[in-house]
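Biologist: I am new to this structure. Please show me how to read it, one feature at a time.

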Amino acid sequence: MSLSISAQSALWFLPFVAPICLYVAWSDMRMMKIPNMAVLALAGVFLIVGLLALPLADYPWRLLHFVVVLLVGMGLNAGGLIGAGDAKFAAAAAPFIALGDLLFVTVVFAATLLAAWVTHRLAKHSPIRRLVPDWESWHRGWDFPMGLALGGTLGLYLALGCLYGA
């Protein structure tokens, strides 16, 4: 397996992105919200670290990923299909993903979403719930903290990019 993202780029991004992804997952489970601060931090990491991690010719094209995903996310949010925080986080995450890896990331997202959903539902009905009984995500019926899957996908993609990047 070989990914389009370079291992060097993934290594540059991962230490900065991983804590943000963990915070987004935790925050979304706790409050069913992805804070704007986390989205801005993720975008800031790309704006700064991206200048060091990517070839200069790729940098503006990766910024275009942000614009495209933000517009699509706004449309999906307006249609009530996803939350605003999910749309904003996906847009901020988009520049980190090499276009050649889009199909791979889609498959990783599908697997991560399924795993996150099953794990969240199992945890909801396990002793783990007693550790954090006030988390909003326990009380939302079928509503799901998508930040768990979105953050997991970006973190996993960059980790795999460190191992299998071009």
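Modeller: Start with Glu 136. Glu 136 is partly exposed, at 29% relative accessible area. Buried means under 20% relative accessible area, exposed over 50%, and partly exposed in between (1.4 Å probe, protein chains only). This is a predicted model, in which local features need pLDDT of at least 70, side-chain atom pairs count only at pLDDT 80 or more, and totals for chains, interfaces and linings use all residues. Residues are numbered from 1 along each chain as its sequence is written, and side-chain values use heavy atoms, with hydrogens and water left out.

Biologist: Which side chain does Glu 136 meet in a salt bridge?

Modeller: The general idea comes before the case. Side chains of opposite charge can pair when their charged atoms come close. A salt bridge is a side-chain nitrogen of Lys or Arg within 4 Å of a carboxyl oxygen of Asp or Glu. Here, Glu 136 pairs with Arg 140 at 2.9 Å, N to O. Arg 140 is partly exposed, at 33% relative accessibility.

Biologist: With which residue does Arg 140 form a salt bridge at 2.8 Å?

Modeller: That partner is Asp 143. Asp 143 is partly exposed too, with a relative accessible area of 36%. Shared partners join Glu 136, Arg 140 and Asp 143 into one network. The whole structure has 2 salt bridges.

Biologist: Now the inside. How many residues does the largest nonpolar core have?

Modeller: In soluble globular proteins, nonpolar side chains tend to be buried together. A nonpolar core is a set of buried Ala, Val, Leu, Ile, Met, Phe, Trp, Tyr and Cys residues joined through side-chain atoms within 4.5 Å. The largest one here has 31 residues. Phe 13, Val 17, Leu 42, Phe 89 and Leu 154 have the most contacts inside it. Helices H1, H2 (36-53), H4 (84-93) and H7 each give two or more residues to this core. H2 gives the most, with 7 residues. Helices are DSSP runs (H or I, at least four residues), numbered from the N terminus.

Biologist: What is Phe 89 in contact with, beyond four places in sequence?

Modeller: Contact means heavy atoms within 4.5 Å. The partners of Phe 89 include Cys 21, Val 24, Leu 42 and Leu 154.

Biologist: Last, helix H5. What covers its buried residues?

Modeller: H5 spans residues 102-124. Its buried residues include Val 105, Val 108, Ala 116 and His 120. Their cover includes helix H1 (7-31), helix H6 (128-131) and helix H7 (147-164).

Technical notes: The expected span of a helix is 1.5 Å times one less than its number of residues.
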